[in-house]
Amino acid sequence: MIPSGAPIVTAAQMRAAEQAVFASGVAQDELMERAAAAVAREVARFAMDRPILILAGPGNNGGDAYVAARLLHARGHDVNLVATGTPQTGAAERMQALWQGPTSSLYAARPRPVLVDGLFGTGMTRPLERGLAAVFADLVKQADFTLSIDLPSGIDTDSGADLGAPRGIDVTLALGALKPGHLLDCGGERCGTLLLADLDIPIDTRWRSVARPRLDTPGAHSHKYCRGLVAVIEGAMPGAARLAARAAMAGGAGYVVLAGDRPWGDGPDALVRREVRSAEDLTEFLGWDRIDAVVLGPGLGRDRRAEAFLRAAFAAPKPLILDGDALTLLGSNAARWLQTRPAPTWLTPHWGEFDRMFAGEGSKIARTLAAAAEARATIVHKGADTVIASPKGDVRLLAGASPWLSTAGTGDVLAGLLAAQVVQEGKGIVPASAAAWLHARAAQLAGPALIADALIMHIPQAVSECL
Ligand SMILES: NC(=O)C1=CN([C@@H]2O[C@H](COP(=O)(O)OP(=O)(O)OC[C@H]3O[C@@H](n4cnc5c(N)ncnc54)[C@H](OP(=O)(O)O)[C@@H]3O)[C@@H](O)[C@H]2O)[C@@H](O)CC1
Ligand SMILES: Nc1ncnc2c1ncn2[C@@H]1O[C@H](COP(=O)(O)OP(=O)(O)O)[C@@H](O)[C@H]1O
Ligand SMILES: [K+]
């Protein structure tokens, strides 16, 4: 579970936001008391009357831990504290001095049913030392319930990379804002349930977690064309384009046309067929002013015909969703080509397709943002963590989607869903975020061992939850 539509900041941005609060006259100790009060509240809620062990590291994450220990002790809880070393910050040192309860060293620590991880937060700079990681993992394993303060110790704040964090953490209480590490890479699977404590720190960011979209019921006078016409272009593997077309229908597009020359299989009968044999045919078809968005790439193939189709779609002044083979054909020329498009473009690459198109360094967010700016396109960078970035610098993150999505054809479904959102919701990151949410929710409804066809069947239920 992940807080919906929550702000996300890097470690440096969080520090800057905190500095601004200090500059406005709030003392560091006061902010730490606020953070620890939120921690103590959650721990008390989950601990009931069970004994609590609190781990305190050398920085301000440890400072939060000392305060939480004091607050829980004052409320009558049985609290033991483990200090891994001497506090390295003034605030942590002051908070340590105020803790009067039982304290032991890490290697003398005895497991207790409730564990609070205040070892490291946004200040982690390197992997956990091996001995510390082993003791920490063992304490988590032997606890009935573990809560991490701000981040699981051993997760990189900005990338979610594994720096030795254990498995089995039940709850992570993010302080002030989410950090990328809560959602990206290993972070997404190590946090357990993610909660967010509002510390009254003003946060200014264009990065958020994907939220449930608000969709409109068609108006009383709506008709099929005003709800949007999606054209899906067929290729060498027609099943993929059909999945995208059916997903666009289920996602609420008013009219969906499948354009190609493959033999016609079974229904749905509501899917309209248009014969397109050559790139010239495609250019003529895309001149139809009723078309509101075009999907190209699922099952397209990579031969000369596919290339010619890509050129024709590129030249048409229509919103374009590019997926699968279209992305592979673009390859390292993607940015140069995309800059020339006469209409908005969305790309939906998985990591292999992304890496073929764009170089770049840094976290998945940094690379996706740079690519979106360079290509002037909105990019949905898929995977167990999905990063959506717009050329203007907006980011939406999705984590925690069903791992059963890792099956052929689910990406084609996303491309069709995105087209349906583009024709209904318009520009930029909004339709992409809505499509990602609907896709993840449909997968949750479809349950284990889903196939792409079953995913489509659950889209209407997901849509109904957004009306
Ligand atoms: N700022 C504020 O006012 C507020 C902040 N808040 C809280 O502060 C947290 C951030 O605090 P922080 O910046 O002090 O960093 P923190 O994560 O405690 O650790 C840094 C220390 O660990 C050390 N170290 C790093 N990696 C290591 C490793 N692998 N193995 C061993 N040592 C390692 C590092 O040493 P160094 O890298 O300098 O050698 C340094 O000594 C944040 O997550 C939130 O909980 C809230 O109270 C609200 C108010
Ligand atoms: N382990 C996973 N956890 C959550 N979602 C996943 C996982 N693996 C894949 N997905 C999602 O499933 C879809 C797969 O897309 P893609 O790889 O393009 O498949 P295809 O091309 O076969 O349709 C994407 O939306 C991706 O985000
Ligand atoms: K922590």
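Between which strand and which helix does the loop that holds Gln-88 lie? Gln-88 sits in the loop between strand 2 (79-83) and helix 4 (90-98); helices (H or I, at least four residues) and strands (E, at least two) are DSSP runs, numbered from the N terminus. This is a predicted model, in which local features need pLDDT of at least 70 and side-chain atom pairs count only at pLDDT 80 or more, while totals for chains, interfaces and linings use all residues. Residues are numbered from 1 along each chain as its sequence is written, and chains are lettered from A and ligands numbered from 1 in the order in which they are written.

**Domains**

- The domain assignment of the protein chain gives domain 1 (11-209) and domain 2 (229-464); such bounds come from an automatic or database domain assignment.
- The centres of domain 1 and domain 2, taken over C-alpha atoms, are separated by 40 Å.
- Eleven residues of domain 1 are in contact with twelve residues of domain 2, where contact means that the C-beta atoms of two residues, placed from the backbone, lie within 7 Å.
- On the side of domain 1 that touches domain 2, the largest share, three residues, comes from strand 8 (residues 207-209).
- That side of domain 1 divides into four nonpolar, three polar and four charged residues; Ala, Val, Leu, Ile, Met, Phe, Trp, Tyr, Cys and Pro count as nonpolar, Asp, Glu, Lys and Arg as charged, and the others, Gly among them, as polar.
- UniProt, in an unreviewed entry, lists residues 14-207 as "domain: YjeF N-terminal"; UniProt positions are given in the numbering used here, feature names are shortened, and annotations may be inferred rather than shown by experiment.
- Over residues 14-207 the chain is 37% helix and 18% strand, with the end C-alpha atoms 13 Å apart.

**Nonpolar core**

- The largest nonpolar core has 158 residues, and Val-230, Ala-248 and Ala-419 touch the most other members; a nonpolar core is a set of buried Ala, Val, Leu, Ile, Met, Phe, Trp, Tyr and Cys residues joined through C-beta atoms within 7 Å.
- Helix 15 (residues 429-446) supplies the largest share of this core, eleven residues.
- Domain 1 (11-209) and domain 2 (229-464) each give at least three residues to this core.
- Leaving aside neighbours within four places in sequence, the contacts of Ala-248 include Val-230, Val-232, Leu-417 and Ala-419.

**Annotated binding site**

- An unreviewed UniProt entry places the feature "binding site" at Asn-61, Asp-117 and Ser-153.
- These residues are spread over 93 residues of sequence but cluster in space, with a largest C-alpha distance of 9.5 Å.
- Asn-61 lies in helix 3 (residues 60-74) and counts as buried because it has 27 C-beta neighbours inside 10 Å; a residue is buried if 20 or more other C-beta atoms lie within 10 Å of its own, exposed if 12 or fewer, and partly exposed in between, with C-beta atoms placed from the backbone.
- Asp-117 is found in strand 4 (residues 114-118) and counts as buried because it has 30 C-beta neighbours inside 10 Å.
- Leaving aside neighbours within four places in sequence, Asp-117 is in contact with residues including Leu-55, Ser-148 and Ser-153.

**Ligand surroundings**

- Around ligand 1 there are 28 residues, of which Gly-59, Asn-60, Asn-61, Gly-121 and Gly-123 come nearest; a residue is near a molecule or strand if its C-beta atom, placed from the backbone, lies within 6 Å of it.
- Helix 3 gives the most to the shell around ligand 1, with five residues.
- By class, the shell around ligand 1 has ten nonpolar, 13 polar and five charged residues.
- Ligand 2 is surrounded by 18 residues, and the closest are Lys-382, Ala-384, Leu-405, Ser-406 and Gly-411.
- Helix 14 (residues 410-425) gives the most to the shell around ligand 2, with four residues.
- The shell around ligand 2 divides into six nonpolar, ten polar and two charged residues.

- Gln-88 is partly exposed, with 14 other C-beta atoms within 10 Å.
- Leaving aside neighbours within four places in sequence, Gln-88 is in contact with Pro-58 and Gly-59.
- Lys-179 is in the loop between strand 6 (171-175) and helix 6 (187-190) and is buried, with 28 other C-beta atoms within 10 Å.
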